[in-house]
Amino acid sequence: MTISYILSSIAVLLISLFFLFFRSNPTTRSDTMANTSATEALLDELRQNPVDPNSFARPDLSRVDHILWKAFVNFEKQTIGATVDLTVQKQTETVDEILLDTSGLSIDGVTDAQTGQPLNYTLSPSVAVFGAKLTVKLPASVRSTVRIAYRTSSKATALQWLKPEQTAGKRHPYLLSQCQAIHCRSILPIQDTPAVKQTYDAAIVAPKDLVVLMSAVRDGTGAVHQSDNSATKEYRFKQKIAIPSYLIAIAVGDLVSKEIGPRSHVWSEPALIDRCAYEFANTEKMLATAESIVGPYVWGVYDLLVLPPSFPFGGMENPCLTFVTPTLLAGDRSLESVVAHEIAHSWTGNLVTNKNWGHFWLNEGFTTFLENKIVGRLSGGEPNRQFRAFEGLKSLKNDIDNLGRDSPFTKLLIDHRGVDPDDAFSTVPYYKGHTFLFYLEQLLGGPEVFEPFLRTYIDNFKYKVIETNDFRSFLQNYFSDNKEALSRIDWGLWINGTGMPHIIPDYDQTLAKECIELANRWIAAADTDWSQFRANDISAMDAWQRVEFLNNLLAAPEGKISAAKVEAITRTYGLQDNHNSEIRCLWLRLSLAAHCKAYTADAVQFITSQGRMKFVKPIYKALYAWDETRQLAVDTFKANAHQLMDMSAKAVAKELHLNV
Ligand SMILES: *[C@@H]1O[C@H](CO)[C@@H](O)[C@H](O)[C@H]1NC(C)=O
Ligand SMILES: [Zn+2]
């Protein structure tokens, strides 16, 4: 979506409100006009925020550096009731307030935590996805602790409340969070910008039969507290490394753990735990490999939490506790590279952090680059690393085609003024960013020189927040004796250019070759001649080569893959029974693109049994694109939207041209 889309939605909303007020009570007209201009003024304030246009926070004036969160998780009301102590440091003595982001929060009171004196505060009207600005008058001292008592809305966009029947065990409810990019404000009044890093302590009270986990080191539990009709227990956490708000995470459910390494446990519902422990057994190897490239892992614990199927992402790099989707449980560790990616974030993103969402490629491009290095080191070496890079270009091309080649969201550096970061989200920062770094590595002398550079870059910027220009200056300085190579980098095109990267490195295609050849044979085959194909055509290919094979079929010229051909491919390679989620998604897309009716029930089953955006979006899109399944897409969405997290439901609704 674009800026004008958001503005026009707001305009429509305001106009409707205006008419509501005007018709019921004409005297409120001037109030409504005042509200309109108040909203405009707030949107303007966001646009002009020099730190982050998606946040009201002004950390250049006063800054939170520690959070103490005491919260009660109420599954009946689907809310969290809490007090939060924000330790605030004024940046200059003349500052007398702090600006916080909130979304849907009911504020019960604001006090000075040291004296108990009430502090004056105002809550602005809410503006679109950015929420409402909470302005708190600070005590006179340069450093103070502001205590805010509040409750979350049952519609908090960062939270998903699952009923027992939506979990694997079916007996207990489940709560999960996803704060990136700007959803933390729906659970905490906070400076909700990656430009601010803070440490946190938390004490969370939940029903005694459930376990609470957070993106922090576990710090013990309290005794069971029995009241009239409930028994609760307190779980405590400590995050001693300063982190941005988007890395605050919580999960509450019927959870158990199993040790999978010297610093790692995997957590899940009891029914899945053995499968999870098997799938992620290489976690320590990946951590050690990452350390050999970029230096020590500083977070102490590295645990994994395998979430219920509605989790919208492949993984989320919540510190000390990566969240992952259960769609990684392929049974053969073939999708473990997502864990390599989240591990890589322990350096790129979580230590060296983008200052705002416009510079997101600094988080994701570097992480994809490091992920591929880890994966290559663990299996297949440089050819495998380059194969993955080559594979990534396909997703990039697909996204750029969907966004439009001239879309501003296809730039590495995105202008986020007035833009919901969820709308700008695509694989561009991942794979265009990766392509840029791969290009730089080749240009500047290969891995032998670029890996030491990467390590120095991380060491230099760890615990900080940076912009694209910080990276640029650091690189130019580091390689200053290689002026000739530096002069060849067209920063303007790399950073500000739209569409596919203007230079695509010449990736090693050894591993891609047989996948492409097999796909080409299918594409060329006449519609009745399947005799040349055998099940063992693909038996030597790993899961990602099969993905490459299917991707090539999907990119075939129009009319070359008929419904009958899809059925033959499916039978030959047993694709209907393949439950590797990456393969399944591509196979279903191929089948729908070929207008093959045989597997529409499988498609519906696939998008109603999990909510990972990478999978539900393209399948819904493909169902919608075919006139025979369009209504099925809409009906399926309407019947199942409540199972999706807010951000996934919004993304799918967009594919279906529905308003939510
Ligand atoms: C990219 O565009 C921005 C905004 O127009 C500009 O300030 C910046 O200098 C450009 N960067 C490069 C490397 O050309
Ligand atoms: Zn990532």
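**View 1. Strands E8 and E9 run antiparallel and are joined by four bridges.** Strand E9 covers residues 174–177. Strands are DSSP runs of E with at least two residues, helices are runs of H or I with at least four, and both are numbered from the N terminus. Two strands pair if DSSP finds at least two bridges between them. Leu159 stands opposite Ser177 in E9. This is a predicted model, in which local features need pLDDT of at least 70 and side-chain atom pairs count only at pLDDT 80 or more, while totals for chains, interfaces and linings use all residues. Residues are numbered from 1 along each chain as its sequence is written, chains are lettered from A and ligands numbered from 1 in the order in which they are written, and side-chain values use heavy atoms, without hydrogens and water.

**View 2. The open sheet has four strands in the order E8-E9-E15-E11, with antiparallel pairing.** Strand E8 (159–162) and strand E11 (211–214) are at the edges with a single partner strand each, so one side of each has no neighbour in the sheet.

View 3. His345 belongs to helix H5 (residues 337–345) and Glu364 to helix H6 (residues 360–378), so the pair ties together parts 19 residues apart in sequence.
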